[in-house]
Amino acid sequence: LHAQVAYWKFGLGLTLGKIQKLLQEQHQLRISTGELSEILSRAARKYKSTHEQLKDNLKSESHLHADETGWRESAENRWLWSFSNENISYFQIHSSRGQCVVKECLGKKYSGVLSSDFYGSYNQIRCSKQRCWVH
């Protein structure tokens with residue numbers, strides 16, 4: 001149940017109200033939005049160290065694909081950052097779309113190849129770069 005709630009919330013971006021309705025209609029489970037919020041908070045606490053370890057592991061990857069996209073959280077605009085390849089997927093929601101997030105995740109220098117679009121936040125990090133041809 002906890003994994004399903006986390007997937008619906010963060011994988012599909014459903015509101016707590018919609019998750020509550022799905023559980024009621026599909027599984028006849030009556031769970032308050034407060035309890036759903038607590039389920040998500042418990043999961044966040046449990047996996048915080050795993051999330052930090054994934055971020056640390058990014059620096060040793062031979063190549064990464066990076067991108068950022070808009071994300072709405074608590075009625076505020078934020079950015080969902082993604083750094084991934086066939087071995088690892090790391091996501092971070094941040095209030096900034098600036099280079100500080102790239103530096104926070106990969107450091108000032110990255111020894112691998114960073115694939116990204118032409119967005120300026122990726123320019124300051126020292127590393128080999130591959131630009132996305134589609135962009």
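Guide: Glu-52 and Lys-55 sit three residues apart in helix H3, so about one helical turn separates them. Helices here are DSSP runs of H or I with at least four residues, strands are runs of E with at least two, and both are numbered from the N terminus. Before going further, a word on what you're looking at: this is a predicted model, where local features need pLDDT of at least 70 and side-chain atom pairs count only at pLDDT 80 or more, while totals for chains, interfaces and linings use all residues. Residues are numbered from 1 along each chain as its sequence is written, and side-chain values use heavy atoms, with hydrogens and water left out.

Back to that pair. The side chains of Glu-52 and Lys-55 form a salt bridge, 3.9 Å from N to O; the term means a side-chain nitrogen of Lys or Arg within 4 Å of a carboxyl oxygen of Asp or Glu. What about cover? Glu-52 is partly exposed at 33% relative accessibility, whereas Lys-55 is buried at 11%. The cut-offs are under 20% relative accessible area for buried and over 50% for exposed, with partly exposed in between (1.4 Å probe, protein chains only).

Now for another helix. In H2 (residues 16–27), Lys-21 and Glu-25 are four residues apart, so they too are separated by about one helical turn. Their side chains join in a salt bridge of 3.9 Å, N to O. Glu-25 is exposed, its relative accessible area being 53%.

Then there's Arg-78, which bridges to Glu-76 with the closest N and O atoms 3.6 Å apart. Glu-76 is partly exposed at 43% relative accessibility.

What about charges without a partner? Lys-103, Lys-108, Lys-109 and Arg-126 gather in a positive patch on the surface. Patch members have over 30% relative accessible area and no salt bridge, with like charges joined within 9 Å and nonpolar side chains (Val, Leu, Ile, Met, Phe, Trp, Tyr) within 5 Å. One of the four, Lys-108, lies in the loop between helix H4 (99–106) and strand S4 (109–116), and at 60% relative accessibility Lys-108 is exposed.

Over the protein there are 19 positive and 13 negative side chains, and the centres of the two sets lie 3 Å apart. Lys and Arg are the positives, Asp and Glu the negatives, with His and the chain ends not counted; each charge is placed at NZ of Lys, CZ of Arg, CG of Asp or CD of Glu.

The protein has four helices and five strands, in the order α-α-α-β-β-β-α-β-β from the N terminus. The C-alpha trace spans about 55 × 25 × 25 Å along its principal axes. For a sense of distance, take Ser-41, found in helix H3 (residues 33–58) and partly exposed at 29% relative accessible area. Of the 135 residues in the protein, 30% are buried.

How values were computed: Accessible areas come from the Shrake-Rupley method with a 1.4 Å probe; for residues, only the protein chains shown count as cover.
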